[in-house]
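The sequence and the model come first.

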Amino acid sequence: QVQLVESGGGLVQAGGSLRLSCAASGRTFSSYAMGWFRQAPGKEREFVAVLTRSGGGNTYTYYADSVKGRFTISRDNAKNTVYLQMSSLKPEDTAVYYCAVRAYQVATMDPYSYDYWGQGTQVTVSS
């Protein structure tokens, strides 16, 4: 019902920046929770950031402690696209990054609560 395609990953030196994009199609997601997760080799998928909207129309964002102050999540409803701006990248940020959609307004950090997933984009940060 919803298709997600991530892009923007690549190889970057520590301290550098990247912007990831997630293009959605098939259904509007303006009122859904939109999240970014990442998974490093041999590790479980972990929460990175989420963006959602309250019943009053206000937008809220939440970040994992490990990325707070360095990453910014945003969206462009006209383009059906959500972004993850990553700055001050560290080697420990190396992972496959996935965008996800939860078909509810309430935000969550639990990856199992999300209904749709992209295929992921590789981010590699070198020292």
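Is Leu89 buried or exposed? Leu89 is buried, with a relative accessible area of 2%; buried means under 20% relative accessible area, exposed means over 50%, and partly exposed lies in between (1.4 Å probe, protein chains only).

## Basis of the values

The model is predicted: local features need pLDDT of at least 70, side-chain atom pairs count only at pLDDT 80 or more, and totals for chains, interfaces and linings use all residues. Residues are numbered from 1 along each chain as its sequence is written, and side-chain values use heavy atoms, with hydrogens and water left out.

## Overall form

The chain has eleven strands and zero helices. Helices (H or I, at least four residues) and strands (E, at least two) are DSSP runs, numbered from the N terminus.

The radius of gyration, taken over C-alpha atoms, is compared with a globule rule of 2.2 Å times the number of residues to the power 0.38. For 127 residues a compact globule would have a radius of gyration near 14 Å, and the 14 Å of the chain agrees with that. Along the principal axes, the C-alpha atoms fill a box of roughly 45 × 25 × 25 Å. Buried residues make up 43% of the 127 residues. The chain exposes about 6,500 Å², of which carbon and sulfur atoms supply 47%; accessible areas come from the Shrake-Rupley method with a 1.4 Å probe, and for residues only the protein chains shown count as cover.

Contact means heavy atoms within 4.5 Å. Of the contacts between residues at least 6 apart in sequence, 58% join residues at least 24 apart.

Four strands form an open sheet in the order 1-3-8-7, with antiparallel pairing. Two strands pair if DSSP finds at least two bridges between them. Strand 1 (3–7) and strand 7 (71–76) stand at the edges with a single partner strand each, so one side of each is left without a neighbour in the sheet. Neighbouring strands of this sheet are turned by 15° against each other on average, direction ignored; axes are lines fitted to C-alpha atoms, for helices over the stretch in contact, and angles run from 0 to 180 degrees between N-to-C directions.

Strand 8 (residues 81–86) is joined to strand 7 by six bridges, and the two run antiparallel. Strand 3 (residues 18–25) also pairs with strand 8 in the antiparallel sense, over six bridges. Met86 is the bridge partner of Phe71, and Leu18 stands opposite Met86 as well. Thr72 stands opposite Gln85. Five of the six residues of strand 8 are buried.

## The nonpolar core

A nonpolar core is a set of buried Ala, Val, Leu, Ile, Met, Phe, Trp, Tyr and Cys residues joined through side-chain atoms within 4.5 Å. The largest one has 34 residues, and those with the most contacts inside it are Leu4, Trp36, Val48, Phe71, Leu84, Met86 and Tyr97. Two or more residues each come from strand 3, strand 4 (33–39), strand 5 (46–53), strand 7, strand 8, strand 9 (95–102) and strand 11 (121–126). In soluble globular proteins, nonpolar side chains tend to be buried together.

Leaving aside neighbours within four places in sequence, Tyr97 is in contact with residues including Leu20, Trp36, Val48, Phe71, Leu84, Met86 and Val123.

## Loops and single residues

Strand 7 and strand 8 form a hairpin with four residues between them. Asn80 lies in this loop and has a positive phi of about 50° although it is not a glycine. Asn80 is partly exposed, at 26% relative accessible area.

The loop between strand 8 and strand 9 holds Ser88 and Leu89. Ser88 has a phi near 50°, a positive value in a residue other than glycine, and at 42% relative accessibility it counts as partly exposed. Apart from neighbours within four places in sequence, Leu89 contacts residues including Val12, Ala14, Leu18, Phe71 and Val125. The C-alpha atoms of Leu89 and Val125 are separated by 6.8 Å, with the two residues 36 apart along the chain.

Tyr60 lies in strand 6 (residues 59–63) and is partly exposed at 36% relative accessibility. Not counting residues up to four places away in sequence, Tyr60 touches Val50, Leu51, Thr52 and Ser54.
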